Amino acid sequence: MRKFNPVILLISCFLIACSSSDEKTNQSNEPKIDFLESGKEISAVAQTELLKNVKNALEKEGPVYAIEFCNIHAESIADSISKNFDVQIQRLSLKNRNPQNAPTAKEDKLLLNDYLEKLNEGRAITDTLIRLNDIASYYRPIIISAETCLKCHGQPGEEINTETMIALNKLYPDDRATNYRMGELRGMWKITFSGKSN
Ligand code: HEC
């Protein structure tokens, strides 16, 4: 009887596996990106980087300085992470501070409203992947989960002191990002992997 050869068996299994997956998806040799995993990683990096900077600024000079710091640097911090990962990074909110952070796409507004509704009903909310016209977008809800957030997003006159309010009014005359409470939805991260959907 012929000897059983495990290497040949392995290779043929591999070939069968390859050809069947090619048949199913009929796609190029581009490596697949796990958008959910990548989105998780990129939004975590962005969140950590922003928080670290706000914390440093707060400790160094207090909230007024930290607001000016965010006003100048929030976008450029997100931009440099965007370039590193070759994606677009946004923070979107229905009650936004920076006018550029208002959602414009229909699916973004729908998702924010869906997150809000679920949270109000006490249901869990989690990250979401949406694919539209060959573009994959990853979303991750942002919750007010630290007391620090309330120094700039809480109740004016209570958590937000007068000095801070004056600075906010000056830099953000259309600010809608106050009166938040712990546990509320502040907004969401959106990571767009344009042109890479597979
Ligand atoms: C020192 C004040 C300060 C603190 C503390 C602070 N923020 Fe903000 N936040 C800002 C400013 C200023 C902006 C607008 C930044 C810009 O111009 O892009 C902002 C914007 C945001 C946005 C983008 C949407 C929007 O409204 O424009 C989110 C989301 C957000 N903050 C969440 C948080 C969370 C969550 C915390 C707590 C972990 C927090 N912030 C703590 C000042 C602060």
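Analyst: H153 belongs to helix α5, which covers residues 147-153. Helices here are DSSP runs of H or I with at least four residues, strands are runs of E with at least two, and both are numbered from the N terminus. The model is predicted, and local features need pLDDT of at least 70, side-chain atom pairs count only at pLDDT 80 or more, while totals for chains, interfaces and linings use all residues. Residues are numbered from 1 along each chain as its sequence is written, and side-chain values use heavy atoms, with hydrogens and water left out.

Through its NE2 atom, H153 is the only protein donor of the ligand's iron atom, at 2.2 Å. A donor is an N, O or S atom within 2.8 Å of the metal (3.2 Å for Na, K and Ca); sites may look incomplete because water is not among the atoms.

The cysteines come next. A disulfide is a covalent bond between the sulfur atoms of two cysteines. Here it is counted when two cysteine sulfur atoms lie within 2.5 Å, and the count is 0. The cysteine sulfur closest to that of C70 is in C152, 7.1 Å away, which is too far for a bond. C152 is buried, at 14% relative accessible area, whereas C70 is partly exposed, at 26%. Buried means under 20% relative accessible area, exposed means over 50%, and partly exposed is in between (1.4 Å probe, protein chains only).

In helix α3 (residues 63-85), Y65 and F69 are 4 residues apart, about one turn of the helix. The structure holds 2 aromatic pairs. One of them is Y65 with F69: the ring centres are 6.4 Å apart and the planes are at 40 degrees, so this pair is tilted. Rings of Phe, Tyr and Trp (its six-membered ring) pair if their centres lie within 6.5 Å; planes under 30 degrees apart are stacked, over 60 edge-to-face, and the rest tilted. Y65 is partly exposed at 28%, but F69 is buried at 17%.

Finally, the strands. Strand β2 (residues 128-132) pairs with strand β3 (residues 135-143) in the antiparallel sense over 5 bridges; pairing requires at least two DSSP bridges between the strands. T128 stands opposite Y139 in β3. The hairpin of β2 and β3 has 2 residues between the strands, and N133 takes a positive phi near 45 degrees there. β3 also runs antiparallel to strand β4 (residues 185-193), joined by 8 bridges. Y138 has I191 in β4 as its bridge partner.
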